[in-house]
Amino acid sequence: MTGNLYSAVKAYLKNYFDMSADLDDHATAVQSIIDGVSFKGTNIVILIIATFIASLGLNTNSAAVIIGAMLVSPLMGPIIGIGLGVGIYDFDLIKRSFRNLAMAAGFSVIASTVYFAVSPVSSGHSELLARTSPTIYDVFIGFFGGAAGIVALSSKHKGNVLPGVAIATALMPPLCTAGYGLGTLNLQYFFGAFYLFLINCIFIAFATTLGVKFLKFPRKTDLDPVMSKKMKRIIYAIIILTMAPSIWLTINMWRENAFVSRAESFVEKEFVFPNTKIISKEVKFAHGEKFIKVSLIGDKLDTDSLRTAMQAKLVKEGIDDVQLEIEQGVVFAREKVSVSGVFNEIYATNMAKINAQIHQIDSLNAVISKNIFHNTISTQIAPEIKAIFPQISDIALSSSVFCNVATNQTDTVNIAMLRLSANFPAAERKKFCDYLEARTSLRNIRIVEATFEPEYKANTSAE
C-alpha cells in the first residue's frame, strides 16, 4: 500500500516537473549562449550607455532608473558563457568569456568613474551605499539567479526570465558604485562594491555550470580524471574564498541587528521618568564598537548618577562594552524654559505654527462676527425704522462681493433689501441710506427693493 502511494506521488510530481518537452536542443542552447558572449560594436555602446543610466540612478537615488539600467545592460552574456564553458569543458569559450567580461567591467568602471568625478552631487545615497557591504544573501541571489538563467536559456520559451535575472542579480549597480569609489577616492566603497560584483559573477557562473551538468549538455572535451579533479578543486577553492568574507559580513550584520534591537528595547524600558521624556535615541554598532546616545527633555536629572545606574543595568541585561551618552537639552525651572541646540529649532518651528493658527482663528472669528452682526442688526433697528420710515414693511441687511464681468475686479457692497408697503421716493431713499450708515457704521450701502409674486408665496406656503 505504501509503495503504491509513493509511486503515485512520484509520478504526479514528475508530470509537473518534467522539462523534456520545454527544453530546446543542446546545440541551439549552446549557440545562443555563445552569441551573447561577444562584446563588440553595439554591445559596448549599449553597455556604456547603461553605465551612465545606472550612475544617474545612483546619483539621484532613483530605484526605477537603476532597474532600467539593469535591463539595458548586456553583462549577463559573458558570465553565463564562463559557466557553460566550465560545464562542457570548452576552454576556448572560458578564455573568450573571461576576456569579454574583463573588458565589459573595465569599460563600466571607467565610464562611471568619469561620471562621478565630474558630477556636482558627490554624496552617497541609500541606493549606492547598499552596494558596498555584500552578505551571504547576495551569494544566494547570484546562485539562484544563475540557475534561473540557464534554465531559461535552455528552454524553447525564454519569456521574461532573463530580464528578471538581470534585475535580481544587479550586476551594473555594483560596477557603478565601484566607479563612484574611484571618482571620490573612497577605496572602501570601491572594494566593497567590486566584491559584490565578483560574488554575483562567480555564483551566476557556478549555478550555470551545475545547470549544464544537470541538463546533461554534451562535453566538448573529455578530460582525464586527474585534470578533472584538479579543475574541480580550483572551482571549489574560488567559491569558498569568495563566499568566506560574505559569511563574516553576514555574521557582523546579525550581531549588529541583534544589538540594535536589544539596545532600543532597553532604552524604551529603562529610561522612563515622571517628568522627563525621551526626545531622541541613537543606537550604532560599527567597527566592533557599540554606542547608545539618548536625548532627554523635561526635569533635569543628575547625569553622572543616571549614567552609572544605566551602565550597571546594561551589564545585567548582557549588553556590555557600550559607550553610553546622555544629553539633557530642555530644563524646566521656576517656570522658565532654557532651550538649546536642536531644541531651539523645534521650539521656533512650533511657535511659528501656533502663531499661524492664531492668525487663522482670528480671521475666522472676524468672519463669524460679521455674519452675526448682519443677522441681528435688522431686528435691533426694526422699531426705529417703523417709526421713522413707515413705508418699509420688511428689511434684510447683508454683505455681498460683486465681480465685474469685464475687468474681473471685485467690490464688497452692503445691501439693504426692502419690502415696501407704500411709495418710497428718491429723497426718502437718500435719507434712509444716511440713517443706516449712521446707525450701523456700514458704508457703501445699496438699497434693493424686493417684490414677491402672490403665486410664488402661495407655492412656498403650500410646500
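**From surface patch to core**

Keep in mind as we go that the model is predicted. With a relative accessibility of 39%, tyrosine 137 counts as partly exposed. Together with Phe140, Phe144, Ile247, Ile251 and Trp254, Tyr137 makes a nonpolar surface patch of about 620 Å². At least two residues of this patch come from helix H8 (136-154), and at least two from helix H12 (225-270).

Now let's step inside. The largest nonpolar core has 50 residues, and the members touching the most others are Leu75, Leu84, Leu171, Phe197 and Phe217. Several helices give two or more residues to this core, including H8 and helix H11 (187-214). H6 provides the largest share, with eight residues. Leaving aside residues up to four places away in sequence, leucine 84 touches Val30, Ile33, Leu93, Thr208, Val212 and Phe217. There is also a second, separate core of 18 residues, with Phe266, Phe285, Ile319 and Leu324 among them.

Finally, the aromatic rings: the structure holds 15 aromatic pairs. In one of them, the rings of phenylalanine 143 and phenylalanine 206 have centres 5.9 Å apart and planes at 45°, so the pair is tilted. Because phenylalanine 143 lies in helix H8 and phenylalanine 206 in helix H11, the pair ties together parts 63 residues apart in sequence. Phenylalanine 143 counts as partly exposed at 24% relative accessibility, whereas phenylalanine 206 counts as buried at 18%. The rings of phenylalanine 259 and phenylalanine 285 form an edge-to-face pair, with centres 5.7 Å apart and planes at 75°.

How values were computed: Residues are numbered from 1 along each chain as its sequence is written. This is a predicted model: local features need pLDDT of at least 70, side-chain atom pairs count only at pLDDT 80 or more; totals for chains, interfaces and linings use all residues. Side-chain values use heavy atoms; hydrogens and water are left out. Patches are made of residues with over 30% relative accessible area and no salt bridge: like charges are joined within 9 Å, nonpolar side chains (Val, Leu, Ile, Met, Phe, Trp, Tyr) within 5 Å. Accessible areas come from the Shrake-Rupley method with a 1.4 Å probe; for residues, only the protein chains shown count as cover. A salt bridge is a side-chain nitrogen of Lys or Arg within 4 Å of a carboxyl oxygen of Asp or Glu. Helices (H or I, at least four residues) and strands (E, at least two) are DSSP runs, numbered from the N terminus. Buried means under 20% relative accessible area, exposed over 50%, partly exposed in between (1.4 Å probe, protein chains only). A nonpolar core is a set of buried Ala, Val, Leu, Ile, Met, Phe, Trp, Tyr and Cys residues joined through side-chain atoms within 4.5 Å. Contact means heavy atoms within 4.5 Å. Rings of Phe, Tyr and Trp (its six-membered ring) pair if their centres lie within 6.5 Å; planes under 30 degrees apart count as stacked, over 60 as edge-to-face and the rest as tilted.
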